[in-house]
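Dear colleague,

I am handing over the structure that we talked about, and I would be glad if you kept it open while you read. My notes on what was found in it follow below.

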Amino acid sequence: MARTVARVIVDALSELGVSQVFGVVGDALNPLTDAIRTTDDIAWVGCRHEEAAAFAAGAQSQLTGRLGVCMGTVGPGSIHLLNGLYDAAKSRTPVLAIAGQVPLTELGSDYFQEVDNDALFDDVAVFRATITSPDQLPLLLETAVRNALGRKGVAVLTVPGDIGDRELGADRPARFSLSSPSTRPEEDAVRRAAELLDRADRVTMLVGRGSRAAREDVLALADRLAAPMVLTLKAKEGLEGDNPFQVGQTGLIGNPAAASALEDADVLLMLGTDFPYRDWYPDGLTVIQVDTEAAHIGRRVPVDVALVGDVGAAVRDLLARLPAGRSGTDKERDRGHLEKSRERFAAWREGQARLAAPGHDKGLVGKVRSVFDNRDHDIRPEALAAAVDRAAADDAIFTSDTGMATVWLSRFVEMRGARRLLGSFNLGSMANAMPQAIGAQILDRDRQVVAFCGDGGLSMLLGDLITLKTNELPVKLVVFDNRRLGMVKLEQEQAGLPEFGTTLENPDFAAVASAMGITGIRVTDPKELDDAVRTAFATPGPVLLDVLTNPEEVAVPAKPTVEQGWGFAVAKMKELIRSRGDDS
């Protein structure tokens, strides 16, 4: 008996090792969801919003390197997928989206809910197509999957409502014939790069996600070059823990030690990173960049030598050409640049630890007092992040909402051991942490998953707390409840503008969670913080930890400018004047 279009698609997903499909059921998807219902090794995960479904599928893809799959039905259902799919596209991770469509006979008639999916997904997808005949399968599906996996992006396959349950005329198994490409940089480029590195007095490495698979080789190169290692946020995972060369992040979430390591260098070696913020690259350096994508070379900063290839292969080639000491001598390379950078980093971390220490706001620890208004004695967000770091397992998966939650995670959570990290670090979307945690947790219910949630982000997709409960996923949601859109507030104040439009009238999130059948814990007293965090992590099942944090707390950037400081002062004066006016 010939298989239907829906059956062919679902059988192929099973062959590819897809274990969950995320979405919201409806009309054109009914044949597909019914095929999933009768397939033992694929589970349907019904979400409350398709955006959450796409985020969850993208999270699974990033964690496994395999295909993530989500579905949205006709019109609005498919439109809702877009934000999560853009996040997958910007993260360069393979996701297949199955989109519903009106019946073929109604296409082009402005039918109820009709949307031109091929036009809708044009910008986000590396491949998109509409199935107009059962005989296009399995070829069209094979093409979509190969594009998603081979080009590390989103493929969208649209299934009209009268196509899914139709049988194929000539059925055959899908054949994907997948392989992972591996490239080595040109030998002449390696030689020129090695000569520049050998002659350099002070090398700094800017290391990104593309280096994670080559950890030991990258550490060996840092040792050979006596080079401090500035990590991008996505390189924290796999490269931060037990690394005697790393000096943290640069950029707005970074620290002065990393900024100085870049400024003081004469050669910058970029490994597997497309760090986008041009203002944070120093001027006047010799730059060597290693990347698998030739199009990424030089698009952020002018590059003197380009090595197009895998980071691991390039680094091993460089190590083979670099002498242990300086060329023509037995003298070891001067390690002053590395040691100075590491000393600065250690001093900065000590200061950060004081911020997170109990009693800091009362001046009970160290000599530094808080300069930020905290009249309600709210909990310092630094203290919350540090408490989570202490309590979380060494193989925990962390997800983080865009904004201040990511700042506190980057500064106070160490990606030691087998910890993993997910966030909307390229798209910068709100509301990603909780749905990404759903995707991560359902892969492995026994592994700890911790979501750093902003109150604005959590409330945006609050309905999918029910998805956590329905599937009994033991995610620990840590809510930085500062009643603000904190990053926007900081942006306004640094520009000299008074805070406007950022205040959030929040519910008691712990009570909301409890109403949904999830354990809710609310913390308002700093003295109760550590016990509450430990209780949350020890409690079986999903837990929402709602912590009221100081809305006035700011993260000082790695290189604060006079303009930013003056803008902040002006904004605070305007806010004070406005506040007094409101009281009169």
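How many bridges join strand β3 to strand β4? Before the answer, please keep in mind that this is a predicted model. Five bridges join β3 (residues 68-72) to β4 (residues 95-101), and the two strands run parallel. Within this pairing, C70 has A97 of β4 as its bridge partner.

These two strands belong to an open sheet of six strands with parallel pairing, whose order is β2-β1-β3-β4-β6-β5. At its edges you will find β2 (43-46) and β5 (125-130), each of which pairs on one side only. Direction ignored, neighbouring strands of this sheet are turned by 20 degrees against each other on average. Helix α3 (residues 50-64) lies across β1 (20-23), β3 and β4, and runs at about 170 degrees to β3.

C70 returns when we look at the nonpolar side chains: the largest nonpolar core has 45 residues, and C70 is listed with F22, L85, L458, L468 and L477 as the members that touch the most others. Another core, of 39 residues, lies apart from it and includes L233, I253, V388 and A532. As background, nonpolar side chains in soluble globular proteins tend to be buried together.

A532 leads us to helix α21 (residues 529-538), where L529, A532, V533, A536 and F537 are buried. These residues are on the same side of α21, because they cover an arc of only 130 degrees around the axis.

Finally, a search of the whole structure finds 38 salt bridges. One of them joins the side chains of R420 and E237, at 2.4 Å from N to O. R420 lies in strand β13 (residues 420-423) and E237 in helix α10 (residues 236-239), so this pair ties together parts that are 183 residues apart in sequence. Are these two residues buried or exposed? R420 counts as buried at 19% relative accessibility, and E237 counts as buried at 6%. By contrast, in the salt bridge of R128 and D122 (2.7 Å, N to O), R128 is partly exposed at 32% and D122 is partly exposed at 43%. Elsewhere, D274 and R300 meet in a salt bridge of 3.0 Å, N to O, and salt bridges that share partners join D389, D394, E414, R416 and R419 into one network.

With best wishes

Methods
Residues are numbered from 1 along each chain as its sequence is written. This is a predicted model: local features need pLDDT of at least 70, side-chain atom pairs count only at pLDDT 80 or more; totals for chains, interfaces and linings use all residues. Side-chain values use heavy atoms; hydrogens and water are left out. A nonpolar core is a set of buried Ala, Val, Leu, Ile, Met, Phe, Trp, Tyr and Cys residues joined through side-chain atoms within 4.5 Å. Buried means under 20% relative accessible area, exposed over 50%, partly exposed in between (1.4 Å probe, protein chains only). A salt bridge is a side-chain nitrogen of Lys or Arg within 4 Å of a carboxyl oxygen of Asp or Glu. Helices (H or I, at least four residues) and strands (E, at least two) are DSSP runs, numbered from the N terminus. The arc is that of the directions from the helix axis to the C-beta atoms. Two strands pair if DSSP finds at least two bridges between them. Axes are lines fitted to C-alpha atoms, for helices over the stretch in contact, and angles run from 0 to 180 degrees between N-to-C directions. Contact means heavy atoms within 4.5 Å.
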